Amino acid sequence: GRYIMANASTPFSLVNWHNYTFEGEFWVKVYAFNYFSNQTIYRMVYVQVKLCGLNFTAPTTVATNTSSHFNVSLEVVSLKKPLVLFSFGNGVVLSSTCFETNYTYPKAGVYMAYANAKNKVSSLTSTRKVIVQDPVRGFKADREIYFVTVGHYARFLFSIEQGTNVSVNASLYDCELPFLATWLNGPSHLNSLLTCVFDKVGTCNGFFYASNKVSQANASALIISEVAIHGFNVTVECQSRYPSCFQHDRIVFHINVTNGTRPKFVFHMGDGNVVISSEKTLDYFFRVSGSFSVNITAHNNVSSISILRKIDVSELVPMSGAYVNCNKTVGLSDLTMCSFGVQQGTAFECWLDLGVNNQPILFFTYFNLTSFISYNLTSYGEYTVQFLCNNAINSSSAKVVTKVV
């Protein structure tokens, strides 16, 4: 016991620390007295060890309507068993003094189950995720025989009567296909498909497996593949030395076909002409300018594929008005200045011959040219400067004589 002096007019408090060395229920008595009276207060004290080391074991995956086992363990347990609560994440809670229980989930889903162990002085909680799935039943493909085209996507549809989070895998090794996978979010009817490309002609058996984490079902089908055109592509190359393609320029169509038997090609050139060819390269010359939508079709007896290519062809303007102007008379030590150009014309090339060492300067251009040049003549005499330009239609030229004195 411990004593403290006080009186009614002076509030007081008493804190008494005591360390219990074993568990139990203890009545604590507090006496208050003076010379005239006394009073006793009783309080119950519950003494327990603090729980420690809760471990909650639950199934990670379980089928619906299947009994599942849940278990907890503690590293430190009080003499009186703690109360254990099992919550299964769907609103159902079970309480027990036992450390294990069984439960059956009626519906599929992902649930956060937890266990709570507590006594008078402590509480511990541990959580586990439980995936509950419906088993796969009634899995089938939509056909017994599939007719597919070589080089095209083959489509396989499936249905299930029951099953959640079901993956469908295809094993078509006889058909030399890669591993394929898709998902069914059932139960539903023909709600998912696999697509793949067959590279060879032939017949093979396709095997399909539907599974989730709790079950598996199988299906099969006969697959017959036939040839069609696949991987059709056309590239266009304008054989022009200029940034634009002009009339009379050679335009080359390069055709590529990954697969297909005896394809033929039809070119609707967009200028009223149609060209039919079995060759994979075509040369063409547009006689007029404009923007042309060229439709190229590759076809054989079982398939037809078309590609549209747009080609812009610029107008080829005749050459005219070529000129060159230089100093007619210069001193030996003076710079000779020449300006030259073309007043009209497109897609042309020009040569400027200064009359020195017979080495003309070459210019390429695709629109009207205006330029100049300066140089120094090192000998007395007369020099003929010639300027010549041409394109696929015509040419234009000019010349001037410079005297060095």
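This is a predicted model: local features need pLDDT of at least 70, side-chain atom pairs count only at pLDDT 80 or more; totals for chains, interfaces and linings use all residues.
1. Residues are numbered from 1 along each chain as its sequence is written, and side-chain values use heavy atoms, with hydrogens and water left out.

2. Let's begin with the cysteines. A disulfide is a covalent bond between the sulfur atoms of two cysteines. Here the term is applied to a pair of cysteine sulfur atoms within 2.5 Å, and by that rule the count comes to three disulfides.

3. Take Cys-238 and Cys-245: their sulfur atoms sit 2.3 Å apart, and they form a disulfide. The torsion about this S-S bond is about 85°, so the link between Cys-238 and Cys-245 is right-handed. How accessible are the two ends? For that you need the cut-offs: buried means under 20% relative accessible area, exposed means over 50%, and partly exposed is in between (1.4 Å probe, protein chains only). Cys-238 has 28% relative accessibility, so this residue counts as partly exposed. Cys-245 has a relative accessible area of 7%, so this one is buried.

4. Next, Cys-326 is joined to Cys-338 by a disulfide, with 1.9 Å from S to S. The link of Cys-326 and Cys-338 is right-handed, with 120° about the S-S bond. Cys-326 lies in strand 27 (residues 320-326) and Cys-338 in strand 29 (residues 335-344), so the pair ties together parts that are 12 residues apart in sequence. The numbering runs from the N terminus, and helices (H or I, at least four residues) and strands (E, at least two) are DSSP runs. Cys-326 and Cys-338 are both buried.

5. Then there is the disulfide from Cys-350 to Cys-389, with an S to S distance of 1.9 Å. Which parts of the chain does this one join? Cys-350 belongs to strand 30 (residues 348-353) and Cys-389 to strand 33 (residues 381-390), so the pair ties together parts 39 residues apart in sequence. The torsion about the S-S bond of Cys-350 and Cys-389 is about 115°, so this disulfide is right-handed. Cys-350 is buried at a relative accessible area of 0%, and Cys-389 is buried, with a value of 0%.

6. Cys-52 is partly exposed, at a relative accessible area of 37%, and Cys-98 counts as partly exposed at 42%.

7. On to the rings. Rings of Phe, Tyr and Trp (its six-membered ring) pair if their centres lie within 6.5 Å; planes under 30 degrees apart are stacked, over 60 edge-to-face, and the rest tilted. This gives 17 aromatic pairs. In one of them, the rings of Phe-139 and Phe-158 have centres 5.7 Å apart and planes at 25°, so the pair is stacked. Phe-139 lies in the loop between strand 10 (123-133) and strand 11 (140-141) and Phe-158 in strand 13 (residues 153-160), so the pair ties together parts 19 residues apart in sequence. Phe-139 and Phe-158 are both buried.

8. Tyr-146 and Phe-156 form an edge-to-face pair, 4.6 Å centre to centre and with 70° between the planes. Tyr-146 is in strand 12 (residues 145-150) and Phe-156 in strand 13, 10 residues apart. Both Tyr-146 and Phe-156 are buried.

9. Ring pairs also link Phe-56, Phe-70, Phe-86, Phe-88, Tyr-103, Tyr-105 and Tyr-111 into a cluster.
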